[in-house]
Amino acid sequence: MPVVKVTRAGVRSAPREVPTDTTAAILPMTADRVGSEAPEDEQPTRVASLAEAFEKFAPRLDFRTTVGDDGAEFAAELEFRSLRDFDPRQIRSRERGKRNDLADLQSRIDMLHRMRERFSVLSVKRAWENEEQRREIVGAVTDFQEQLRRIARGGEG
């Protein structure tokens, strides 16, 4: 059987660095700019690194909407300082001085999961089946909620 040798001319063993200074984007991209062309006199902003882009453009989200039949307001005020801030776990966490109803929603979901786990315990199931003990459980949860509300109001009432 004959031996065939294939050689390629001009192939490098290591990839060359991709030039990033030729990449341009018109930023900041806001909701009102979607679907429209950039003004002719607008110049692209040059950034040398991702950190510089976050510093120059300071991306943030201020989302507000109403939900439910009663029209309750739902809001999220988020600031992104790095790619890590786009992680869903980071978005669902509370940031000091910012309103984030997603964090509140996540904490309620977590609490419901913990309650479900606790109610799967045999002794809790038995207590729930007993009418008198069920009233005690509901009363204790109601008292706990009221204490939390009092703490949230700053100890008033």
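These are my notes on the model, point by point.

1. Ground rules. This is a predicted model, so local features need pLDDT of at least 70 and side-chain atom pairs count only at pLDDT 80 or more, while totals for chains, interfaces and linings use all residues. Residues are numbered from 1 along each chain as its sequence is written, and side-chain values use heavy atoms, with hydrogens and water left out.

2. Overall layout. The protein chain has 5 helices and 2 strands, taken as DSSP runs numbered from the N terminus (helices are H or I with at least four residues, strands are E with at least two). Read from the N terminus, the order is α-β-β-α-α-α-α. Of the 157 residues, 8% are buried, where buried means under 20% relative accessible area, exposed over 50% and partly exposed in between (1.4 Å probe, protein chains only). Among contacts (heavy atoms within 4.5 Å) with a separation of 6 or more, 20% come from residues 24 or more positions apart.

3. E1 (residues 60-67) pairs with E2 in the antiparallel sense over 8 bridges; strands pair if DSSP finds at least two bridges between them. Arg60 stands opposite Glu79 in E2. There are 4 residues between the strands, and Gly68 in this hairpin takes a positive phi near 80°.

4. Ala58, in the loop between H1 and E1, has a positive phi of about 40° although it is not a glycine. Most residues other than glycine have a negative phi. Ala58 is partly exposed, at 46% relative accessible area.

5. Phe54 sits in helix H1 (residues 50-57) and Phe86 in the loop between strand E2 (72-79) and helix H2 (88-91), so the pair ties together parts that are 32 residues apart in sequence. Phe80 and Phe86, with centres 4.2 Å apart and planes at 5°, are stacked. Ring pairs link Phe54, Phe80 and Phe86 into a cluster. Phe54 is buried at 12% and Phe80 is buried at 10%, whereas Phe86 is partly exposed at 41%.

6. A charge over a ring. Arg134 lies over the face of Trp128, at 5.4 Å from the ring centre. The rule here asks for NZ of Lys or CZ of Arg within 6 Å of the ring centre and within 35 degrees of the ring normal.

7. Leu78. This residue of strand E2 is buried, at 9% relative accessibility. Beyond its neighbours within four places in sequence, Leu78 is in contact with Arg60, Leu61, Ile91 and Asn100.

8. Asp85, worth a look. Asp85 is in the loop between E2 and H2. Asp85 is buried yet has no salt bridge, and the nearest side chain of opposite charge, Arg81, is 4.4 Å away. Lys and Arg count as positive and Asp and Glu as negative, with His and the chain ends not counted. Leaving aside neighbours within four places in sequence, Asp85 is in contact with Glu79, Phe80, Gln90 and Ile91.

9. Salt bridges. The count is 13 salt bridges, each a side-chain nitrogen of Lys or Arg within 4 Å of a carboxyl oxygen of Asp or Glu. Lys98 and Glu79 meet at 2.8 Å, N to O. Lys98 lies in the loop between H2 and helix H3 (101-119) and Glu79 in strand E2, so the pair ties together parts that are 19 residues apart in sequence. Glu95 bridges to Arg81, the closest N and O atoms being 2.8 Å apart. This pair links the loop between H2 and H3 with the loop between E2 and H2, 14 residues apart.

10. The network. Salt bridges that share partners join Asp62, Arg64, Glu73, Glu77, Arg99 and Asp101 into one network. Within it, Arg64 and Glu73 have their closest N and O atoms 3.9 Å apart. Arg64 is partly exposed at 41%, and Glu73 is partly exposed at 42%.

Definitions and conventions
Phe/Tyr/Trp six-rings, centres within 6.5 Å; stacked < 30°, edge-to-face > 60°.
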